[in-house]
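Please read it alongside the sequence and the model.

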Amino acid sequence: ARKPQAAATALARLRDASDAAARQFQLTPKPDYLFPFSGDPALVAAVKAAWPKPDARSAWILDTLQETLAINQLWMTGQSWASNQRRAANLRANLLRHWRSSAQQPKLFMKFGASHMQRGLTGVGTYDMGTLVGELAAIEGKTAFHLLVLPGRNTQIASFDPIASTFKPRPAGGGYEKGLERLLDEALPDVPTLFPTEPLRRLAGSARENAGPELVRTVNGFDAILVLTGSTPSNNF
């Protein structure tokens, strides 16, 4: 549907603010200046108010942008738990939106950050998509397989530059190895190593092993762990 002139004007203001944030980020490359973190939700609300009956795709984009700004503003104001809860709820809602729109429930391959695909309570205190995926599969009489992929020791990963839209190599990190050091130490030194977690659950559940909460949560939340020893960062197309 053709948008009203008032909506086009409001959308132009929104685009100008996004462009200004991108220019500021180029001068000072901190996430604080990216529009999804610094943008004013009122700019999106103005577009929605001036466009009461948008087409379905435009409505979804505006809803997603408005929710992203709300999630990230909670994070920027130190409300990390509330931000993580709202992000998980948004991801689950989007998954259900796609799932319900399918005439026949498809076989899915999903690639997300590890905490989003973990079954049970995650390390940031949320029940994310990983739990929902398993429940949806059970409803359909199927199963879900959860694979955690970790960089090996002394490897590099690709870090995305949102302004240049390119990937740059950097040392692996980010805290995913916290609590999993014993597992990483057992990985083969020169090739990728796959650890099925079912045998590890018996050990992790034993008080004698003193596995630590992160290792217990990980082996219960994933069906296998792949450590990519010797891996290299992805390159730009």
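Buried means under 20% relative accessible area, exposed over 50%, and partly exposed in between (1.4 Å probe, protein chains only). The model is predicted: local features need pLDDT of at least 70, side-chain atom pairs count only at pLDDT 80 or more, and totals for chains, interfaces and linings use all residues. Residues are numbered from 1 along each chain as its sequence is written, and side-chain values use heavy atoms, with hydrogens and water left out.

**Helix H1**
- Helices (H or I, at least four residues) and strands (E, at least two) are DSSP runs, numbered from the N terminus.
- The buried residues of H1 include Ala 7, Leu 14 and Phe 25.
- Helices H2 (35-38), H3 (41-50) and H4 (56-76) and strand S2 (156-161) pack against the buried residues of H1, where contact means heavy atoms within 4.5 Å.

**Leu 147**
- Leu 147 lies in strand S1 (residues 147-151).
- With a relative accessible area of 39%, Leu 147 is partly exposed.

**Leu 132**
- Leu 132 belongs to helix H7 (residues 129-139) and is buried, at 18% relative accessible area.
- Leaving aside residues up to four places away in sequence, Leu 132 touches Arg 92, Leu 95 and Leu 96.
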